[in-house]
Every structure is written in C-alpha cells, then in structure tokens.
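Keep the sequence at hand while reading.

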Amino acid sequence: MRMSFGSTVRSTAARWLPNLGPRCVHGSVGLFVPPSPPLDPEEVKELQRFITLSRRVLVITGAGISTESGIPDYRSEGVGLYARTDRRPIQHRDFVRSALVRQQYWARNFVGWPTFSSHQPNPAHWALSYWERLGKLYWLVTQNVDALHTKAGSRRLTELHGCMHRVLCLTCGEQTGREVLQGRLEVLNPTWNAEAHGLAPDGDVFLTEEQVQDFQVPACARCGGTLKPDVVFFGDTVHPDKVDFVHQRVREADSLLVVGSSLQVCVGTVPFEEQGALGRCPMWFLFNWTYRASLCFLPVQVYSGYRFILTAQEKKLPIVILNIGPTRSDHLACLKLDSRCGELLPLIDPH
C-alpha cells in the first residue's frame, strides 16, 4: 500500500543523522526479528514525504521496535514466544491471587533481570529521540515495558503498559526501582541459583517448579504489602486517565506513525449487558477481568492500540504503519512498510 507523493528525498546515506549513541550489543539482532524484504527505495521516498509534510507526528511503538535490540516479542511469525514455545505470559489475576505464582514469577525475573535490564536502544529508538529533539515528533506512545525509549532520551513519552524498571506495592502504592528489589532478592537468596532454559519477553525466563521452590520473595519495605512490577499484565487494565491522555495527544497531532506493532486482537471479557457498547469501549476496558455481581461476563475481542488508530481516522489524520507482517489497521493506512525499524527510520530526514 503506497501514497502517491512522487517527490525526491536526500541520499539514503543519512548524512544529517547525528551520533545515535551506543548500538545494541546484547543478543543477536536477527535472533528475534522475522524475515523481511529488502528496503524498497520508492517506499523510503514515500515515508520521507510523509514525515516532511508532518509537523506534529504521533508515534505508537510496539515490541517490533525492540526485537532488534535482542528482546523477543510474543507474536512475530517463526521467532516470537508463541511460535517458539507453548508458554504463555502471566495473568494479572493469577499473580494477585497466588503466592506460589508470585514466587515463580519473581524467581524467573530475578534470573532474567541482569540481561533484560542491560539491553540498549537500537537505531530506531535513537532516531525517534532525535525527531523529538527537533520538534518533529509531537508525542511517543509505547506499548513496550523495556525503557529503551527512555534510555535513548525520549521525554515526550507515555508508557502505556508501564515499565519493568519500576516496582509497585499493591497495598500502599509505593514505587521503587527494580534494581533496588534485585539487591533485596540477592540478600534473601544468597545461595540460591538456577540456570534459565530459554528467554521470554519482558524480562522473563523459563525455570522449572523444582528450581523455584526455595526462592524467597520480599514484601514491601514500607507496609509489608505485595510487590508487583509496575506494568500491565495480561488480564489487567490500563488506567482510564492514561488512555484519555493519549487520545487527546492523538487529536492534537497531524499524523500518526505506527512502528513495530501488529495492533493485534487480544482476548478479554466484557459484561453481557455492555456487549452492544463495545464499539464505544474505551481502552481501559481492555483485559477487564473484574467481577461484578449479577452481571454475566462473556469473552469478546478488544484491541490494544487499535482504538487510537480509530481516533486518528476520525480526525482524518494520515496513518503510516512500519511493521514486519500484517497488522489490524493495514486497511486504514495510506502506507504500509514491511521493513526493519532500525534499518528504515535512520534513513528519514526529520527536518
């Protein structure tokens, strides 16, 4: 799918681009990135034209931008978690209800954290940060929890699903750094050790039940409550204020670029009485597992990120999607690009 712009762009040598900072050095760049066709010079020109004509670009990023930093995703064909294993991500209600589930989670996260936290931004992250500094990027919304945009210097940023680098107490709301918790875990488990069997997204690894049975989990240092990473687990909800904030940023933008997100369907539940209002359902209803007496809950399909695309469409904003593989919004895009984010974005001149 292409736009009919027919303009010329600067050389793809990207001479304008400043020092992008340290490259990703952890993990193989191609290990978790699905195959993609070679860059099409005409498509590069079309994306350049889109950016040149835009003054206030809102960018939505997903896991596909971070796979080139060595972080696996869930859905990529052949290389995502769902393709490599039958393991599935942790569910919010299981984490909250079960001490055993929390013990298993924190043991796995304890092992995976040193590697996960050491991943670095790749050229796509650095390019978007540079766009922001020049005033081209109006707002950045990421569905990722890896803090790579922050590491690259992005400040006009909403972390839609939170950040693994923070820990939240579910009782008193106290926030602490994940590195602080790592130190407490080391003190509580001085002789415990385990070898991970495979890498999963979001700092998780694969361990057996036998490996984690003696692992000790600390409580909140302030109130003794349950600690949870400050992220939205599957089955949890995004706060309505955050969603409203993003919708407002979309309305203020003059174009929308999706980078590395399939905007794919996710399964949640909605009360039977509210099925008819699903089309008007705000983002916070996503993954709503909350039980309310006298209401019958049915499984339905709701879309993460897709609602922001619909807001952009209602405002008649031009939409461009950069993602390897199909997305939920391909039919709404004026340009769809199946390329690596880190190869294409640094070629675009934001001036």
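This is a predicted model. In the protein, residues 24 or more positions apart account for 75% of the contacts with a separation of 6 or more. The secondary structure consists of 11 helices and 11 strands. Of the 351 residues, 54% are buried. The accessible surface comes to about 15900 Å², and carbon and sulfur atoms contribute 51% of that area.

Next come the charged side chains. Side chains of opposite charge can pair when their charged atoms come close. The structure holds six salt bridges, among them one between Arg166 and Asp230, with an N to O distance of 3.0 Å. Arg166 sits in strand β4 (residues 162-169) and Asp230 in strand β6 (residues 227-231), so the pair links distant parts of the chain, 64 residues apart. Arg166 is partly exposed at 26% relative accessible area, whereas Asp230 counts as buried because its 16% falls under the 20% cut-off. Both residues also belong to a network of salt bridges that includes Glu159.

A second pair joins two loops. Arg222 and Glu174 form a salt bridge at 2.9 Å, N to O. Arg222 lies in the loop between α8 (209-212) and β6, and Glu174 in the loop between β4 and β5 (175-177), so the bridge ties together parts 48 residues apart in sequence. Arg222 is exposed, with a relative accessible area of 60%, while Glu174 is partly exposed at 30%.

Another salt bridge connects the side chains of Lys336 and Asp338 at 3.0 Å, N to O. Here Lys336 is buried, with a relative accessible area of 8%, and Asp338 is partly exposed at 27%.

Technical notes. Residues numbered from 1 in each chain as written. Predicted model: local features only at pLDDT ≥ 70, side-chain atom pairs only at ≥ 80, totals over all residues. Heavy atoms only, no water. Helix = DSSP H or I, 4+ residues; strand = E, 2+ residues; numbered from the N terminus. Buried < 20%, exposed > 50% of the residue type's maximum accessible area, 1.4 Å probe, protein only. Contact = heavy atoms within 4.5 Å. Areas by Shrake-Rupley, 256 points an atom, 1.4 Å probe, with all protein chains shown as cover. Salt bridge = Lys/Arg side-chain N within 4 Å of Asp/Glu carboxyl O.
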